Amino acid sequence: MGLYILLGILGVLAAVLFIPVTVYVRYDGDFFAKVGYPFFRYPIYPPKSDAKAAEKPKAALIKAKEKKTKTTKQRKGSAADRLFEMLALVVDTIEPLWLQMGFLFRHVRLDDIILHLRVGGDDAAEAGIRYGKMQRNLWAGYAFLQHVFTVGRCDVRLCPEFLGREEAVFLSGKIRLAPWVVLAAALRLGVPFLWRLLFPKVKNPRRAV
């Protein structure tokens, strides 16, 4: 009986450690994210207070939408530009951490990525120039993500807009990471630190090999 209980505990522990945690993200001018596990999903951005504030009377929603439209018009191409600003921030954050945490990053899986971009300008010439710049930035960022993470299925579409319509962007995807990877990375970084702290005069056996 005790053996079955032990095996049951080990089975539950293995399931908890090996079933990945999934973060669902979506960006269409505003950013939304929620974390999911097999038994629940919890919104992490925007916070719940903001979600409740969204349940306003119709007049308040119309007023907020008009204000948002006015702000968007003042900031030309803001949706696409902000997307690439976020991508640049991700790259700048990851680069200094890659040597120490490469093991962790390689086990992060990006899956079911959908990215649709419509890029335009005041005229056809400007639209073509912006389209070329977006192509360069997009595929350079994509190559970097493939080098750092495990990238699954992707649907990427970048379209030039020559008819004067507003630029548009839609991004959605899943970020998966199993808890055992976080635990292994913590041990991998923590054991050498503790060894140097507890035995400063003894050579680390990992480095001695």
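## Disulfides

A disulfide is a pair of cysteine sulfur atoms within 2.5 Å. A search of the whole of this predicted model finds zero disulfides. Cysteine 154 is partly exposed, with a relative accessible area of 26%, and cysteine 159 is partly exposed at 40%. Buried means under 20% relative accessible area, exposed over 50%, and partly exposed in between, with a 1.4 Å probe and protein chains only.

## Basis of the values

Residues are numbered from 1 along each chain as its sequence is written.

## Alanine 127

Alanine 127 lies in helix 6, residues 124-148. Helices (H or I, at least four residues) and strands (E, at least two) are DSSP runs, numbered from the N terminus. Alanine 127 is buried, with a relative accessible area of 0%.

Apart from neighbours within four places in sequence, alanine 127 is in contact with Gly120, Gly121, Glu161 and Phe162; contact means heavy atoms within 4.5 Å. The C-alpha atoms of alanine 127 and leucine 163 are separated by 9.5 Å, and these residues are 36 residues apart along the chain.

## Threonine 22

Threonine 22 belongs to strand 1, residues 21-27, and is buried, with a relative accessible area of 4%. Beyond its neighbours within four places in sequence, threonine 22 is in contact with Lys34, Val35, Gly36, Lys174, Ile175 and Arg176.

The side chains of threonine 22 and arginine 176 are joined by a polar contact of 3.3 Å. A polar contact is a pair of N or O atoms within 3.5 Å; within protein, one must be able to donate a hydrogen and the other to accept it, and residues adjacent in sequence count only if both atoms are side-chain atoms.

Methods: Predicted model: local features only at pLDDT ≥ 70, side-chain atom pairs only at ≥ 80, totals over all residues. Heavy atoms only, no water.
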